[in-house]
Amino acid sequence: MALLEVSDLRTEFTGKNGTVAAVDGVSFTVSRGEALGLVGESGCGKSVTALSLLRLLPASARIAGGSIRLDGRDLLALGEREIRRIRGREVAMIFQDPMTSLNPIMPVGRQIAELLECKLHLSRRRARLRVIELLEMVGIPSPTTRVDAFAHQLSGGMRQRIVIAMALSCQPKLIIADEPTTALDVTIQAQILSLLRALASDLGTALILITHDLGVVAGMTQRIHVMYGGRIVEKATTQELFANPRMPYTWGLLRSLPRLDHPRADRLTPIDGAPPDLADGAAGCRFEPRCGHRQEICGASEPGLVSAPRHTIAEDGHEVRCWATQPDGWLADATTTAGQP
Amino acid sequence: MTQTSAHATPHSSAATPAPQPPLIEVTDLQVHFPVRAGILFDHQVAAVRAVDGLSFSLHRGEVLGLVGESGCGKSTTGRAVARLERPTAGSIRLDGTDISRLRGTELRRVRRRVQMIFQDPFASLNPRMTIGQLVGEPLGVHRLVAKDERPVRVAELLRTVGLDPASVSRYPHEFSGGQRQRIGIARALAVEPEVIVADEPISALDVSIQAQVVNLLADLRAAYGLAFLFIAHDLAVVRHVSDRVAVMYLGKIVELADRDDLYAHALHPYTQALLSAVPVPDPVVEQHREQIILHGDVPSPMSPPSGCRFRTRCWKAQEVCAEVEPPLVELATRHWTACHFPDVT
Ligand SMILES: Nc1ncnc2c1ncn2[C@@H]1O[C@H](COP(=O)(O)OP(=O)(O)OP(=O)(O)O)[C@@H](O)[C@H]1O
Ligand SMILES: Nc1ncnc2c1ncn2[C@@H]1O[C@H](COP(=O)(O)OP(=O)(O)OP(=O)(O)O)[C@@H](O)[C@H]1O
Ligand code: SF4
Ligand SMILES: [Mg+2]
Ligand SMILES: [Mg+2]
């Protein structure tokens with residue numbers, strides 16, 4: 001049994017222009033100790049997916065369908081008190097802005113200690129000692145003094161380390177990290193990523209890593225799901241996704257990046273147009289207006305997420321939502337080398 | 001605190017004198033921000049040394065990339081060059097004339113020649129003005145085009161940046177982020193500048209949109225011979241757009257070289273660490289890549305470390321690094337580095 005099983009999740013926002021499904025029929029699983037990457041452009045529904053998992057959505061949103069199972073328990077059926085026990089204890093979350101998780105008027109160590117006291121019932125003294133251990137583990141210099149510091153006295157990178165320490169404090173089974181390094185400098189990002197990688201594998205914690213940066217997921221995850229317009233449009237192992245992407249949107253994303261590991265190109269290859277406005281409720285493939293491979297059917301009806309043709313893929317479990325590259329599509333046989341069909 | 005002597009500055013190679021004088025020549029630029037305290041007797045207690053002795057040049061039609069970590073002084077440098085900031089010391093020559101102390105009308109004339117594009121296309125556009133008004137405004141401010149000819153010029157500018165001229169009466173919020181950035185670019189182009197200081201022009205945009213804007217800037221450069229000071233933290237984008245690249249650390253340039261040279265043979269440990277920190281979108285490469293993980297954080301620009309400012313995070317640092325500030329010297333042709341132990345082989 002997978003640790004986390006999300007099926008057909010649909011999360012809607014209701015506003016003055018009606019109801020919009022920000023996440024629409026999203027299904028995926030995460031195994032124990034596995035790192036899954038969720039990538040896609042701004043507004044594609046990555047954060048709403050993450051927030052739905054822990055039922056941390058804003059008031060204007062509601063989960064309109066689907067199920068979320070953690071260790072077999074349906075999280076959507078739990079009461080408010082029960083879900084609160086799961087948060088932090090079994091599933092922890094790391095946000096882009098560490099200040100989302102930190103209380104500005106309480107010493108950082110006290111905040112983690114309170115978690116330990118409340119969720120693991122440690123004594124005040126034991127909790128403090130454990131906090132110092134945790135701070136040391138996440139590489140905070142002089143943890144015995146930093147434990148009493150306030151968030152504003154720390155740099156952005158150090159704050160994110162504190163948040164990681166907090167997330168690890170109750171030894172959760174799953175950590176959801178939503179753009180944990182997007183606000184940080186590259187050298188600090190490298191520190192934090194290598195820390196997350198080492199800790200997650202040492203402790204056997206499963207990880208959902210959300211980012212728009214394909215470079216970040218390449219080195220951090222075993223599998224990747226690509227999202228577009230509230231839907232998952234491609235699922236594959238990390239190796240397979242980069243070696244053999246099957247969805248035109250993924251091709252476009254990979255091609256539009258200037259890369260340090262490739263010779264410099266004279267010109268970049270952008271994806272024309274802009275990400276979809278979910279309120280439009282288009283009938284067809286959500287990528288259709290921007291896709292260079294579209295045919296008539298693409299605008300008329302939406303393709304399902306299906307297994308890519310066996311002979312085009314190297315590893316099983318590679319799924320794609322595209323009329324052209326599904327088994328009987330017009331690009332079913334296209335062989336791709338690193339996203340250059 | 002001059003780190004480079006007057007006769008050897010990284011404006012051009014000492015060996016091959018530049019055939020043309022640079023369009024912009026920055027020498028020992030300093031921009032310090034006072035930190036004040038006191039209620040009755042307001043007085044300066046310290047200074048943020050945001051930019052602390054920079055020298056570089058920018059030639060006509062050239063793109064100079066400026067990279068470095070948050071707070072190292074990239075924006076302040078850009079703002080000083082566009083004269084949105086008054087330098088504390090040093091000179092900025094535009095076509096030979098020092099513009100660092102100008103005021104009033106003369107300053108306005110300079111501002112026309114050096115335009116700025118900002119990171120946040122949302123914040124830099126007045127939400128109550130239409131696109132036509134926004135792009136037409138600089139034409140009026142600088143009295144460039146007679147009022148009745150303005151609509152024609154505005155339409156032309158919108159077409160240049162890839163926007164539909166029919167959208168003149170729409171407002172910024174009706175456009176996507178990438179389109180808003182195009183509006184900002186059209187505004188900058190309106191006054192026919194010679195230099196554009198682009199401060200993180202694509203950082204706020206989606207990955208798939210970034211490439212559109214990068215290509216647009218390349219087209220404009222080719223069409224109008226514009227020079228760019230291109231500020232960004234994405235090292236792959238900077239390699240793509242720049243002819244030369246300057247790497248900053250805590251208010252100083254630590255390395256400055258031709259693009260290919262810098263990316264293939266970085267000499268400064270900080271540049272090496274910066275390049276190795278960039279994650280590569282290829283899991284096979286990522287698995288085998290050697291990474292330099294720097295320890296610690298960037299020190300405060302209010303009290304930078306003595307000697308070499310990078311020494312607190314540098315794995316090569318020796319005693320001399322704390323005592324003597326390494327000057328920016330030309331170690332290879334057109335390749336300038338400020339380090340006591342540069343990686344010369
Ligand atoms: N508070 C809100 N009110 C209304 N709609 C919202 C709200 N938050 C999100 N949405 C909608 O949900 C969609 C998905 O948003 P989400 O935050 O999940 O995107 P994301 O993939 O995390 O993007 P980013 O990379 O910008 O963080 C958006 O397109 C937006 O329309
Ligand atoms: N108006 C100001 N008053 C006081 N300090 C300032 C001011 N503007 C900038 N600074 C400080 O000067 C230093 C350099 O800032 P600057 O904005 O130039 O950095 P940057 O390299 O552009 O960083 P980023 O990548 O975050 O944009 C920072 O420490 C900043 O806090
Ligand atoms: S379904 Fe059609 S429009 Fe959508 S990605 Fe595939 S080819 Fe392109
Ligand atoms: Mg998000
Ligand atoms: Mg800046």
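Which residues form a positive surface patch?

## A charged patch on chain A

The positive patch is made up of Arg81(A), Arg84(A), Arg85(A) and Arg89(A). Patch members have over 30% relative accessible area and no salt bridge, with like charges joined within 9 Å and nonpolar side chains (Val, Leu, Ile, Met, Phe, Trp, Tyr) within 5 Å. A salt bridge puts a side-chain nitrogen of Lys or Arg within 4 Å of a carboxyl oxygen of Asp or Glu.

Arg85(A) sits in helix α2, residues 80-86 of chain A; helices (H or I, at least four residues) and strands (E, at least two) are DSSP runs. With a relative accessible area of 64%, Arg85(A) is exposed (over 50%, whereas buried means under 20%, 1.4 Å probe).

## About the model

This is a predicted model, where local features need pLDDT of at least 70 and side-chain atom pairs count only at pLDDT 80 or more. Residues are numbered from 1 along each chain, and chains are lettered from A.

## A nonpolar patch on chain B

Over on chain B, Val329(B), Leu331(B) and Val344(B) make a nonpolar surface patch with about 220 Å² of accessible area together. Val344(B) lies in the segment after β12 (335-337).

## An enclosed strand

Now for strand β3 of chain A, residues 35-39: five of its five residues are buried, so the strand is largely enclosed by the rest of the structure. Ala35(A), Gly37(A) and Val39(A) point one way, while Leu36(A) and Leu38(A) point the other.

β3(A) pairs in the parallel sense with β8(A) over five bridges and with β9(A) over four; pairing takes at least two DSSP bridges. Val39(A) stands opposite Thr211(A) in β8(A), and Gly37(A) has Ile224(A) in β9(A) as its bridge partner.

Notes: Side-chain values use heavy atoms; hydrogens and water are left out. Accessible areas come from the Shrake-Rupley method with a 1.4 Å probe; for residues, only the protein chains shown count as cover. Lys and Arg count as positive and Asp and Glu as negative; His and the chain ends are not counted. The place of a charge is taken as NZ of Lys, CZ of Arg, CG of Asp or CD of Glu.
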